Amino acid sequence: MRDEIKLFAPATVANVSCGFDVMGLCLDTVGDEMVVRKIPKKGIYISHISGFDLPTEPELNVAGVSALAMYDTLDVDFGFEIEIYKNIKPGSGIGSSAASAVGSVFGMNALLGNPYNATQLTAFAIKGEALASKTEHADNIAPALFGGFTLVKSLKPLQILELPTPEDLYVTIIHPQIEVKTSESRGLLPKEVKLNDAIAQWANLGSLVHALHTSDYGLMKDALHDVIVEPHRSKLIPLFGDVKKAALSAGALGTGISGSGPSVFSICKGIDTATKVKNTIEHVYMDLGIDFDMHISKINTTGVKIIE
């Protein structure tokens, strides 16, 4: 059994329009790299962070908090050291905190011979995610661990459902270089919703799950609508309406806010359409004066993985 591993902790898209706090999907081309190793000294230590200025104290870092939650369940006479090479910008809306939280517990578990399953690792990682968002939720954590599309059936007891991923689905992401904190974005949400809106959202989510099982792209296009959260959070994202209109006109099946934003995702059938959507969205943002990143990714059906 090895004493050190290097891993890829993927970015994710949470909510997927109609699945607020319960649905997510895993990206393939965007993610952090982390190194986790056993050390003689007991405890959890973060020895290196590059990419962004984040705390190395374990209790103040999402990777450290999730690692501590897992470590507290272990009976070992050694500790773990964590290095984080951060490629996902915090506050980007594509699961930056979830990637860190997942990477630390996945790496520890691998070095221990995988005593915990993915659902158990999710429970540890949620503790780290809660540090960033001020609430426990698993819609980013679950796809990062399981891969593909996931649905959080419940948190207590924790139950994650793995959903099928049609082969030719791609995701185009635009990330405006502004920060939207999850905790602040949640503060915009209404405490109550109209019954008609709730019914429409339930129908869309059920339809999306069915569309994934049947590879029904027409139904998928009809289902990828958010009538509850998007109208409020979209106010934080410059030109969101223009981006969405442009993406849909270029052939996207659906466009919405990734997590709490500011990233915007578009689900597309085929790489050609995903590329066309990317080019169309770029033209919308070109003259705005805000820096942005663009990504095209096939949906990652594996999730977090060892790369060395």
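1. The residues that line the largest cavity divide into three nonpolar, three polar and three charged, where Ala, Val, Leu, Ile, Met, Phe, Trp, Tyr, Cys and Pro count as nonpolar, Asp, Glu, Lys and Arg as charged, and the others, Gly among them, as polar. They are Asn 15, Ser 17, Phe 20, Asp 226, Val 229, Glu 230, Arg 233, Ile 257 and Gly 259. A cavity here is a set of points, on a 1 Å grid over the protein atoms alone, where a 1.4 Å probe fits but cannot get out, and lining residues have an atom within 4 Å of a point. The space in this largest cavity is about 80 Å³, a volume being the space filled by probe spheres set on the points, with grid points joined across faces, edges and corners. The count of cavities of 30 Å³ or more comes to one.

2. On provenance, this is a predicted model, in which local features need pLDDT of at least 70 and side-chain atom pairs count only at pLDDT 80 or more, while totals for chains, interfaces and linings use all residues. Residues are numbered from 1 along each chain as its sequence is written, and side-chain values use heavy atoms, with hydrogens and water left out.

3. Two residues of the loop between strand S1 (4–14) and S2 deserve a look, namely Val 16 and Ser 17; helices (H or I, at least four residues) and strands (E, at least two) are DSSP runs, numbered from the N terminus. Phi is positive in both, near 50° for Val 16 and near 70° for Ser 17. Most residues other than glycine have a negative phi, and most peptide bonds are trans. Val 16 is buried at 0% relative accessibility and Ser 17 is buried at 4%, where buried means under 20% relative accessible area, exposed over 50%, and partly exposed in between (1.4 Å probe, protein chains only).

4. Val 16 is also among the residues with the most contacts inside the largest nonpolar core, which has 71 residues; such a core is a set of buried Ala, Val, Leu, Ile, Met, Phe, Trp, Tyr and Cys residues joined through side-chain atoms within 4.5 Å. Helix H2 (residues 96–111) gives the most to this core, with nine residues. Another core, of 16 residues, lies apart from it and includes Tyr 170, Ile 237, Ala 252 and Tyr 285. Met 220, likewise one of the residues with the most contacts inside the largest core, is in contact (heavy atoms within 4.5 Å) with Pro 166, Leu 169, Leu 208, Ala 211, Leu 212 and Leu 253, leaving aside its neighbours within four places in sequence.

5. Which residues of helix H9 (residues 240–249) are buried? They are Phe 240, Val 243, Lys 244, Ala 246 and Ala 247, and, seen down the axis of H9, they fall within an arc of 165°, so they line one face of the helix; the arc is that of the directions from the helix axis to the C-beta atoms. The face turned away from this buried side carries the exposed residues Lys 245 and Ser 249. The partners against which the buried residues of H9 pack include strand S7 (169–176), helix H8 (230–233) and helix H10 (271–285).

6. Not counting residues up to four places away in sequence, Lys 244 touches Glu 230 and Thr 255, whereas the contacts of Glu 230 include Phe 240, Gly 256 and Ile 257.

7. Two peptide bonds are worth checking in the backbone. The bond from Lys 156 to Pro 157 is cis, with omega near 0°, and Pro 157 sits in the loop between strand S5 (149–155) and S6. A cis bond also joins Gly 261 and Pro 262, with omega about 10°, and Pro 262 lies in the loop between S8 and S9.

Definitions and conventions: On a 1 Å grid over the protein atoms alone, a cavity is a set of points where a 1.4 Å probe fits but cannot get out, and a pocket is an open set with protein on both sides within 12 Å along at least five of seven lines; lining residues have an atom within 4 Å of a point.
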